[in-house]
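Please look it over before reading on.

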Amino acid sequence: MPSDSHGSPSSVRSTRGKDEPVFHVRGLARIYGEDTAAVTALAGVDLDLFAGELIVLLGASGSGKSTLLNQLGGLDSPTHGTLLYRGENLADFDEKALTSFRRDAVGFVFQAYNLIPSLTARENVALITEICPAPMAPEDALALVGLSERMDHFPAQLSGGEQQRVAIARAIAKRPQVLLCDEPTGALDVRTGITVLEAIERINRDLGTLAVIITHNAILADMADRVFTLSDGRIVNIRENQLRAPVSSLAW
Amino acid sequence: MSLLDRKLFRDLKALKSQAIAVALVMACGLAMMIMTRSLILSLATTRDSYYERFRFAEVFARLKRAPNSVREELAAIPGVARVQISIAIQVTLDVPGLMEPAVGLINSLPERGEPVLNRLHVRAGRLPAGRTAVGELAVGEAFAAAHQLKPGATLSAVLNGTKQPFRVTGVVLSPEFVFEAPPGAALPDNKTYGVFWMPYKELATAFQLYGAFNSVAITLDPGASEGAVIAAINRILAPYGGRGAYGRVDHPSHRRVDDEIRVLQGLSVAFPLVFLGVAAFMTNSVMSRQIALQREQIAMLKACGFGNRQIGLHYFKFSLAIVVGGVALGAVGGVILGYRLVEMYHLFFRFPQLDFILDGRVLLTAASVSALAAFTGVAGAVHRAVRLPPAEAMRPEAPARYQPALVERLGISRWFSPSFRMALRNIQRRPVRSGLTCLALALATAILIVPNSFRDGITYVIDFQWDIVQRQTVTLSLVEPGPARAIADFRHMPGVVWAEPFRFVPIELKAGPITRRLLLQGLPERGTLSRVIDAYPQQFTLPPRGIIMSAKLASVLQLSTGDSVNARVLEGREREITIPIVGLAEDFAGIACYMEIHALNRLLLEGDCISGAHVVVDKARWPQFLAGVKETPRIAGCIIKDSLREGFRKTTAESIGLLQKIYMLFATIVAFGIIYNSARISLSERARELATLRVLGFSRGEVGAVLVGELVVLTLVALPAGLIIGSAFAKGILTAVNTETVRLPLVLTAENYAFAVLVVASASAVSAVFAARKLADIDLVSALKALD
Ligand SMILES: Nc1ncnc2c1ncn2[C@@H]1O[C@H](COP(=O)(O)OP(=O)(O)O)[C@@H](O)[C@H]1O
Ligand SMILES: [Mg+2]
């Protein structure tokens, strides 16, 4: 149970090396299938991620970004390696502990939005806030992503960007420790992409949430504190930005 | 309402037609179960409380005549609680408005007070006063209803050779005559046979029986041995012409009610279980599909921190909603139909009051059984869904592996259109699912066979019994067995074309502990009127010795051809004899045994004697014939074949017929439900694929053909299998409802099969049309958008 490590949200960006990392990853590998059909999605990844950071994962399609993110979020378990969340090994978590880890600590944003089609925007958010310990009001979460006007619309009545913003509102409404976003702008045009990223950035800044964003658009890297580039399941490059560029300034 | 519940509610609304189809099928099974089980409970409860309140006796005996003082001897038998002695005499009646003579069984009412046993319930009017007035009698309700006799009506009866007028004072019911049928007859004939009551003194005096009795009813102390009491009674009554005492098992009215309960029991289990099984299968396929469609939603819920239990519960609630709908519908349907059937039973079971009693326990059991069935159906799908790691579930399902269908490899595929080939491959790709759908379709066909086989069985029995077995117009019985030459008198009666004699002797057959009392019928060696038919069905030539009995009777006695049966003659000089069984007769109503008439007379050590004659009457001279019958005092009874046939049609046939109609309705609903559901599910499974085909330029018709083709192939495979399964069902259920009162032969007609095929085919066609229309509604863009 990670609840004991429930740190108070800080508006100050912590510097690397001082605090205990949120995620401590060593030699993380994930191999799908067996024998001849085996696919190595992750081939030994080492990294430490800290509270308040905004991380961008870059890499070609199939390089293992989603696999890594899913590992961080406790959606899948590693084949080899260690993955510690605030000092606790996720591999030791049983189904119940994993469930509460996901419920209390992690906010997910999926590329395919994954909204419940039969629930309105507000209800999609409320669905999650109902099961969290200290959520914000669904209306507030939707306001944060600029969707106050469309709260009672069903997913089918919303554009892709709006649906993605609902998904972000759903993810942040629980005030997560970690916000994991898998190509949140993948299906969106530039302008819409920017509103979505601004929403993520705001959460990261205001709530001190560790945010990990997957993208294959290298330009987005400027908004991050650190940028990891993956290739064939390994981290091949780490870049540190001294200054984060505001999202609106990105030359997309 | 929690948000997951709100999602549930909206998902249900989107799936409503399928949910309704499943709920309807479940409702049919439940309604049938609740209806039949409640009827059983109603009949049994009503009967038991009626017996109790009106003190229905437990042991009965008839005798020639014994002085009333013998009553004390009977009462002294250890184990006997109460004794009621009375007179019961069969007389000929002349009822206004009835051309033929009728037969009445007149029972005496005690001189003082109420009968100790077999008390009467006065439905209308009052009991005859006795002391003050003469010429009064009370009439049993069935006969009264058949002739619209109300208190104050009049009729005449021939008492000991003199015709006397009587006034009806009341209409009554007796626990002894819940079912009023002539002795030995399996079928009622309320027009020509009735039960009456009149004061002891008047009846006894008319027959010179005053101070004596010829009928005994007895109840036992708790724990007393019925067998021992019967033996004691027989010993005491033997010198008085005792005809052998018997218990309730052999009591004709009691037995008839029992048999009806047995028929209902046969129907109450097998059929509903099939329906409920089908409903469970449908719930499973609907839920599996729903869960497959919501794979990504489930993954998201898990990613967001919903536990397996919460998610599992969500889908269980989904099926629970269907079950609750089905149970509610089924309960209401079962109760309504139960009320309707109870009303029908009023027509031929005479209880003071027969109320519908809902069998709550069955309702509960049935509801939990179907809930359990639905849940087990869903459990697998839910388990698979929640076990999937969310990361996995988030990815679209792996594309299915297709291969050329088996039939294609036979090399005949060049005659198949691409659409049809796709349909074949779809079937082969998921053999289990296709197999289950096929099984469901086969069951839909099968359950359609059963009700119609009942109908055809009844028609066959009616034709068989009254065209092949009994070819006489009328059966005339003599007051007392008379010399054989009386047959000449019958042949000379006005209008009579031909007459053949018969000899009826009441006997008791014994095989080990099993006994049956019935009439042994003596018939001419190879008569043309009342014939004995074997299983093939050919007429028996009655051999000079030996007995031929109903196949059912033989199986009850656990005997067969070649064995010998012990018989006790219950008339005249009482004797024990052993007769070889020389053949088994095919008959469907009641149980009977036959002998060649001379052989029978030899066995009885009597000269050539007849009890009456079967006669064929010229319809043109029908009134003259009936007038002649009424003028012949020697003729006690006159049974008109056509009115027996009518009686059968109105009672047994009607009760089975109503059940048959209800079952038919249910079976049709179920067949439609299954097929519609299958079509919807394969539409949903193929929606994306079909939309893609449309985008690629296939016409709506070609795309529809893939879907319809699959359904057609499955239906074609299912139909013959269904006909076979249905025939087996029919056989099983007919065997289950096979009683000594009525048996239905397994008759499977081409019409029956054709009807089942027609219903299934049209259900398929309607479902296909519906699916094709849904197909047109598929929004191509959104169907593709879901692709990534
Ligand atoms: N469930 C799975 N089964 C088999 N292979 C998988 C599975 N998930 C991912 N892979 C493979 O692992 C590799 C990395 O996938 P992924 O992490 O989704 O890449 P990215 O998100 O960087 O595009 C790919 O080659 C992909 O095909
Ligand atoms: Mg990816």
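The report covers the model's basis, the chain interface, a domain interface, a sheet and some backbone features.

## Basis of the model

This is a predicted model: local features need pLDDT of at least 70, side-chain atom pairs count only at pLDDT 80 or more, and totals for chains, interfaces and linings use all residues. Residues are numbered from 1 along each chain as its sequence is written, chains are lettered from A and ligands numbered from 1 in the order in which they are written, and side-chain values use heavy atoms, with hydrogens and water left out.

## Chain A against chain B

The interface between the chains involves 24 residues of chain A and 23 residues of chain B. Contact here means heavy atoms within 4.5 Å. Chain A and chain B bury about 2100 Å² between them, with 62% of it on carbon and sulfur atoms. Buried area is the accessible area (1.4 Å probe) that two parts lose on being put together, summed over both. On the chain A side, Leu75(A), Asn114(A) and Leu127(A) supply 21% of the area buried against chain B, more than any other three residues.

The rule finds 2 salt bridges across this interface. A salt bridge is a side-chain nitrogen of Lys or Arg within 4 Å of a carboxyl oxygen of Asp or Glu. Arg6(B) and Glu123(A) form a salt bridge at 2.4 Å, N to O. In chain A, α2 (95–104) and α3 (121–129) each supply at least two residues of the side that touches chain B. Helices (H or I, at least four residues) and strands (E, at least two) are DSSP runs, numbered from the N terminus.

## Domains 1 and 3 of chain B

Chain B is assigned domain 1 (57–255), domain 2 (418–468 + 650–788) and domain 3 (469–647). The bounds come from an automatic or database domain assignment. The centres of domain 1 and domain 3 of chain B are 25 Å apart, taken over C-alpha atoms.

These two domains of chain B bury about 1900 Å² between them, 55% of it on carbon and sulfur atoms. In domain 1, Met99(B), Pro101(B) and Arg243(B) lose the most area to domain 3, together 28% of what that side buries. How many salt bridges link domain 1 and domain 3 of chain B? The count is 0. The rule does find 2 residue pairs in polar contact, both at pLDDT 80 or more. β3 (88–94) and β4 (102–109) of chain B each give two or more residues to the domain 1 side.

## A sheet in chain A

In chain A, 4 strands form an open antiparallel sheet in the order β2-β1-β4-β5. Because β2 (39–49) and β5 (88–89) of chain A stand at the edges with a single partner strand each, one side of each is left without a neighbour in the sheet. Two strands pair if DSSP finds at least two bridges between them. Strand β1 (residues 23–32) of chain A is joined to β4 (residues 80–85) of chain A by 5 bridges. Phe23(A) stands opposite Tyr85(A) in β4(A).

## Backbone features

The peptide bond from Tyr536(B) to Pro537(B) is cis, with omega near -10°. Pro537(B) lies in the loop between β14 (514–523) and β15 (547–550) of chain B.

Technical notes
A polar contact is a pair of N or O atoms within 3.5 Å; within protein, one must be able to donate a hydrogen and the other to accept it, and residues adjacent in sequence count only if both atoms are side-chain atoms.
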